[in-house]
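This briefing goes through a few local features of one protein chain. The sequence and the structure come first, and the notes follow by topic.

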Amino acid sequence: MFNYRGQIVEMALRNRLPAASVQRELAEAGFFLSYGADLRDLYRRSAFFVDRIFRGAKPADLPVEQPTKYELVINLKTAKALGIIVPPTLLTRADEVIE
């Protein structure tokens, strides 16, 4: 899906569909919004596990973690093209607003 994001955005806009995703890059490409785990934070956390393994911990003994940081990205340019009015309260909660 990531490789075809441009075509998906075109199709969604042509058909007036507000597309959403869990990847911020898709909102940057033109999806209406994205909401998902912050991948940069997940990569930082993975360094903790790599360090523990290099220090001798067995991977099977390490705990499984759920993401703790999520991000909401709203593309206002796409919202305007689709005629969607985004409430100001939602805009204030967004981690990034693309204009």
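In this predicted model, Asp-38 caps the N-terminal end of α3, with a side-chain oxygen 3.1 Å from the backbone nitrogen of Arg-40. Asp-38 itself sits in the loop between β2 (33-37) and α3 (39-54). Asp-38 also forms a salt bridge with Lys-69.

**Asp-38 and its surroundings**

- Asp-38 has a relative accessibility of 4% and therefore counts as buried, the cut-off being under 20%.
- Leaving aside residues up to four places away in sequence, Asp-38 touches Lys-69, Tyr-70 and Glu-71.
- In the salt bridge between Lys-69 and Asp-38, the closest N and O atoms are 3.5 Å apart.
- That pair links distant parts of the chain, since Lys-69 belongs to the loop between α3 and β3 (70-75), Asp-38 to the loop between β2 and α3, and the two are 31 residues apart.

**Helix α3**

- α3 has 16 residues and reaches 22 Å from its first C-alpha to its last, close to the 22 Å expected at 1.5 Å a residue.
- After α3 comes Gly-56, which has a positive phi, near 110°.
- Within α3, Asp-41 and Arg-44 lie three residues apart, about one turn of the helix.
- An α-helix has 3.6 residues a turn, so residues three or four places apart point the same way.
- Asp-41 and Arg-44 form a salt bridge, and their closest N and O atoms are 3.6 Å apart.
- Asp-41 is buried because its relative accessibility is 17%, while Arg-44 is exposed because its relative accessible area is 52%.

**Nonpolar surface patch**

- Leu-39, Leu-42 and Tyr-43 make a nonpolar surface patch of about 290 Å².
- One of these residues, Leu-42, is in helix α3.
- Leu-42 counts as partly exposed because its relative accessibility is 31%.

**Salt bridges elsewhere and the network**

- The count of salt bridges comes to nine.
- Arg-24 forms a salt bridge with Glu-28, in which the closest N and O atoms are 3.1 Å apart.
- Both Arg-24 and Glu-28 lie in helix α2 (residues 24-29), four residues apart, about one turn of the helix.
- Arg-24 counts as buried because its relative accessibility is 12%, and Glu-28 counts as partly exposed because its value is 43%.
- A network of salt bridges links Arg-24, Glu-28, Asp-38, Arg-40, Lys-69, Glu-71 and Glu-96.
- Among the members of this network are Asp-38 and Arg-40, the residues of the cap at the N-terminal end of α3.
- Glu-71, another member of the network, is also one of the residues that Asp-38 touches.

**Backbone outside the helices**

- Arg-16 lies in the loop between α1 (5-14) and β1 (20-21).
- The phi of Arg-16 is near 55°, a positive value in a residue other than glycine.

Methods: Residues numbered from 1 in each chain as written. Predicted model: local features only at pLDDT ≥ 70, side-chain atom pairs only at ≥ 80, totals over all residues. Heavy atoms only, no water. Buried < 20%, exposed > 50% of the residue type's maximum accessible area, 1.4 Å probe, protein only. Contact = heavy atoms within 4.5 Å. Patch = residues over 30% accessible without salt bridge, like charges linked within 9 Å, V, L, I, M, F, W, Y side chains within 5 Å. Areas by Shrake-Rupley, 256 points an atom, 1.4 Å probe, with all protein chains shown as cover. Salt bridge = Lys/Arg side-chain N within 4 Å of Asp/Glu carboxyl O. Expected span 1.5 Å × (residues − 1). Polar contact = N/O pair within 3.5 Å; in protein donor to acceptor, adjacent residues only side chain to side chain.
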